[in-house]
Amino acid sequence: MKLFVPLCSYFLLGGIYAPKVLSDSPPLQDVCPMAAQGERKVFMNGFLCKHPSTILASDFKTLLLNHAGDLNNMFRSSVNMVTATEFPGLNTLGLAMARTDIAPSGVVLPHSHPRASEMMFVHGGSVVVGFFDTKGKLFQKTLGEGEVFIFPRGLVHYIFNYGFGPSTTFSVLNSQNPGVAGITHGMFTTDSDVLEGLMARMLKFGEMGLSDNNTAGLPWTF
């Protein structure tokens, strides 16, 4: 009986402080139900690696974020996400990158990344960014060149160009396949009147002069 309490404490602490390697790796896709035994083939939750003898320095370089995206659309914005699919050097590193270009009064509508947090660096221009936690609280900031903001994993967030010129941001996400869950695109078609109305209300940020974290009278509240 004297050994019972120390033994229980040992197992409890062991469970709490067990090495991370004992836990499962995060999934790289939305769903992955197990195939029946007769149907099982080789299917990687990721990509096969090159043979070490064929790896080159060029595998770790990309120019995919070198150019601005096309802003000729109703949102006046462009997001270029680069994952391990496009950039082989990212495979197994748990990283992805993105470039976002936004014209004046342009927006990136509310969306989330189910498998990654996002760290965004403002390269040029001025933007309003924000995200909602699971209780609906808004965390919002106006950012200028050189400033950084973080969007926590899975939380709905948005970006709006608050300046008079184009804005550019670069992001790093901690998954090689972050995924994008577009809130409005999941509910409405791109030519929906509701979607256009939502975008128009977001553009009222400048007129309303919202202060940081002020949730009163949000422009997309119906």
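Q: Where does His113 lie?
A: Keep in mind that this is a predicted model. In it, His113 lies in the loop between β3 (107-112) and β4 (118-124).

Q: And is His113 buried or exposed?
A: His113 counts as buried, because its relative accessibility is 3% and the cut-off for buried is under 20%.

Q: Which residues is His113 in contact with, leaving aside neighbours within four places in sequence?
A: The list is Met81, Glu118, Arg153, Gly154, His157, Leu173, Pro178, Gly179 and Val180.

Q: Glu118 is in there. What kind of contact do the side chains of His113 and Glu118 make?
A: A polar contact, at 3.1 Å.

Q: What else does Glu118 touch, not counting residues up to four places away in sequence?
A: Besides His113, Glu118 touches Phe149, Ile150, Phe151, His157, Ser171, Val172 and Leu173.

Q: What does UniProt say about His113 and Glu118?
A: An unreviewed UniProt entry places the feature "binding site" at His113 and Glu118. The "binding site" feature in UniProt, again from an unreviewed entry, is also given for a set of four: His111, His113, Glu118 and His157.

Q: Why do you say those four gather at one spot?
A: They span 47 residues in sequence, yet no two of their C-alpha atoms are more than 12.0 Å apart, so they gather at one spot.

Q: New topic: the surface. Which residues form a nonpolar patch there?
A: Met119, Phe121, Val148 and Ile150 form a nonpolar patch on the surface. Together, these residues have about 350 Å² of accessible area.

Q: Which elements give two or more residues to the nonpolar patch?
A: Those would be β4 and β7 (148-151).

Q: Last one: where is Gly125 found?
A: Gly125 is found in the loop between β4 and β5 (127-132). Its relative accessible area is 33%, so Gly125 is partly exposed.

Q: How many residues apart in sequence are Gly125 and Pro166, and what about in space?
A: They are 41 residues apart in sequence and 6.0 Å apart in space, going C-alpha to C-alpha. Pro166 is also among the contacts of Gly125, leaving aside neighbours within four places in sequence.

Technical notes: Residues numbered from 1 in each chain as written. Predicted model: local features only at pLDDT ≥ 70, side-chain atom pairs only at ≥ 80, totals over all residues. Heavy atoms only, no water. UniProt positions renumbered as here; feature names shortened; annotations may be inferred. Helix = DSSP H or I, 4+ residues; strand = E, 2+ residues; numbered from the N terminus. Buried < 20%, exposed > 50% of the residue type's maximum accessible area, 1.4 Å probe, protein only. Contact = heavy atoms within 4.5 Å. Polar contact = N/O pair within 3.5 Å; in protein donor to acceptor, adjacent residues only side chain to side chain. Patch = residues over 30% accessible without salt bridge, like charges linked within 9 Å, V, L, I, M, F, W, Y side chains within 5 Å. Areas by Shrake-Rupley, 256 points an atom, 1.4 Å probe, with all protein chains shown as cover. Salt bridge = Lys/Arg side-chain N within 4 Å of Asp/Glu carboxyl O.
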